[in-house]
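Please have the model open as you read, and take my comments in order.

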Amino acid sequence: MKKLKKLMIFLTVFSMSIMSTACGERDTEKKKDYTELQKAISENAKKSELLTGELENKKIKWLSSWDINTGNNDGKSTPAFLVAFQERYGGEIEWYQCTHEERYEQLAKSINGDEGIDFFYAGDSDAFPKGAVRSMFIPADDYINFTSPLWDGVRELNDTFLWNGRHYIISTRIAGDNCGVIYNRKTVREAGLSDPAELYADGKWNWDTFEEMLKKFTDTENQRYGIDGWWFEFGLIATTGIAPVSMENGKLVSNISGPAMERVQNRIYRLYQNDYIAIGSEAYGWNTKPANIGEGKTLFYPCGLYQFYKSPTEWKRIFGEEAFFVPMPKDPESTEYYVPVGMEAYAFVKGGHNPEGVGKFLECKRFIMNDTETLAIADRQMKEDYGWTDEMFSMKESMQELAEKNTVIDISRGVSEDCGELLDNSLRLTARGTPWSETYDSINAVVERYIEEVNKNAGTE
């Protein structure tokens with residue numbers, strides 16, 4: 001018996017040693033692979049005719065709640081854009097940390113204290129025109145040549161953010177991953193429902209099929225919930241193709257009085273009446289429960305795909321082994337398929353010490369999107385870091401194509417803090433049981449006043 005125990009212990013230790021050695025070899029191989037990929041990015045950046053000039057001041061200062069040096073993810077490879085900036089220009093980004101909630105307050109303090117913060121993230125849809133009106137940002141036109149081929153594909157979008165004829169927001173990428181519908185295929189299959197990905201492929205994924213699935217699945221008394229998450233209201237609003245606030249001829253315009261807003265708000269109210277909205281209900285509470293997707297308790301979790309921009313172990317732990325996603329369902333009355341569109345965007349900060357460096361950094365961002373070989377490397381890095389399947393990547397690309405084809409950006413939160421907060425709260429009220437007519441009557445005149453006040457600054461230097 002003792003000999004048998006010793007043999008079992010020996011075999012266990014031996015097998016663990018083999019596994020450890022194998023894992024070490026895989027890690028070494030992966031590290032070598034990343035090194036080769038980054039070397040290729042470096043060579044591409046150095047030889048490209050799209051990136052020109054040199055930088056005397058190599059350091060740029062970044063104020064944010066997240067470190068841009070890691071690409072805002074917990075992947076293991078250095079982001080391709082950062083490799084290009086480092087290798088082509090010797091660039092360095094110094095991170096000044098703040099909380100997300102206090103970032104504008106900290107930005108104002110940094111400007112007044114002459115800290116030399118150079119750039120700021122403007123992709124949260126609350127920076128424009130607020131940052132220009134409040135003189136927190138400066139125009140980028142002296143540092144970026146928007147006629148360069150680098151800006152093909154986003155030039156028209158950037159021209160959307162003109163204030164007094166100048167570019168105050170610089171978008172480097174249109175984003176189709178702003179909000180999709182996360183679900184678990186096992187849950188869908190066991191409930192006898194059609195897979196949303198198949199409905200999407202067949203051109204049948206719309207508000208009606210979305211609601212029909214909720215109808216068949218939801219049974220709150222037996223812990224079968226419909227919709228969770230804080231993004232679905234604005235996600236559905238975006239599918240109408242009409243933003244609550246937009247820019248027209250250099251001025252802000254409110255669109256909340258239109259028929260599209262009434263139609264989508266009435267649909268959201270119907271989802272509430274039928275008990276399909278879990279978040280905020282008495283049975284569910286006010287905390288999101290994304291793990292319910294993995295446990296088969298909740299059907300849909302509309303959210304940004306950033307939920308999958310982490311290690312596969314992490315996102316599978318939350319959403320399950322068969323987690324997947326599709327675009328928000330199409331508005332059945334729209335001739336085009338609109339999805340929630342985000343953007344990767346930045347702003348030059350007033351009083352920055354190195355705007356030239358920011359300009360070169362943003363050109364590196366665009367270089368990654370324009371150089372076919374480098375983009376392929378960046379895509380490969382992403383798939384390997386996050387453990388995505390080809391099908392997941394293909395769906396993300398399909399969402400990206402929809403966003404680029406029909407680009408509508410909501411800037412309601414960028415009008416002013418008061419206007420943004422009012423609309424953010426009010427446009428969700430139908431999901432809490434308030435008819436749209438009541439909400440509209442109470443906010444329309446107020447929103448118009450907010451917009452009128454900001455528009456007074458348009459056309460003046």
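Predicted model: local features only at pLDDT ≥ 70, side-chain atom pairs only at ≥ 80, totals over all residues.

1. The secondary structure of the protein chain comes to 17 helices and 14 strands. Its radius of gyration is 24 Å, close to the 23 Å that the globule rule gives for 461 residues, so the chain is as compact as a globular protein of that length.

2. For the surface, the accessible area of the protein chain comes to about 22,000 Å², and carbon and sulfur atoms account for 47% of that. As for charge, there are 53 positive and 74 negative side chains, with the centres of the two sets 7 Å apart.

3. Strand S8 (residues 180-184) is worth a look. Here 5 of the 5 residues are buried, so the strand is largely enclosed by the rest of the structure.

4. Which strands pair with S8? One is S12 (residues 298-303), which runs antiparallel to S8 and is joined to it by 3 bridges. Another is S13 (residues 323-327), also paired in the antiparallel sense, over 5 bridges. To find your way around, note that Gly 180 stands opposite Cys 303 in S12, while Ile 182 has Phe 325 in S13 as its bridge partner.

5. Please also look at Arg 185, which is found in helix H6 (residues 185-190). Is Arg 185 buried or exposed? Its relative accessibility is 19%, and because the limit for buried is under 20%, Arg 185 counts as buried. Not counting residues up to four places away in sequence, Arg 185 touches Asp 195, Ala 197, Glu 322, Phe 324 and Glu 391. Of these, Phe 324 falls within the residue range 323-327 of S13.

6. My last stop is Lys 360, in helix H13 (residues 355-370). Lys 360 is buried too, with a relative accessible area of 16%. Leaving aside neighbours within four places in sequence, the residues in contact with Lys 360 are Thr 52, Gly 53, Leu 55, Phe 85 and Tyr 89.

Note on methods: Residues numbered from 1 in each chain as written. Heavy atoms only, no water. Buried < 20%, exposed > 50% of the residue type's maximum accessible area, 1.4 Å probe, protein only. Helix = DSSP H or I, 4+ residues; strand = E, 2+ residues; numbered from the N terminus. Pairing = 2+ DSSP bridges. Rg over C-alpha atoms; globule rule 2.2 N^0.38 Å. Areas by Shrake-Rupley, 256 points an atom, 1.4 Å probe, with all protein chains shown as cover. Lys, Arg positive; Asp, Glu negative; His and termini not counted. Charge placed at Lys NZ, Arg CZ, Asp CG, Glu CD. Contact = heavy atoms within 4.5 Å.
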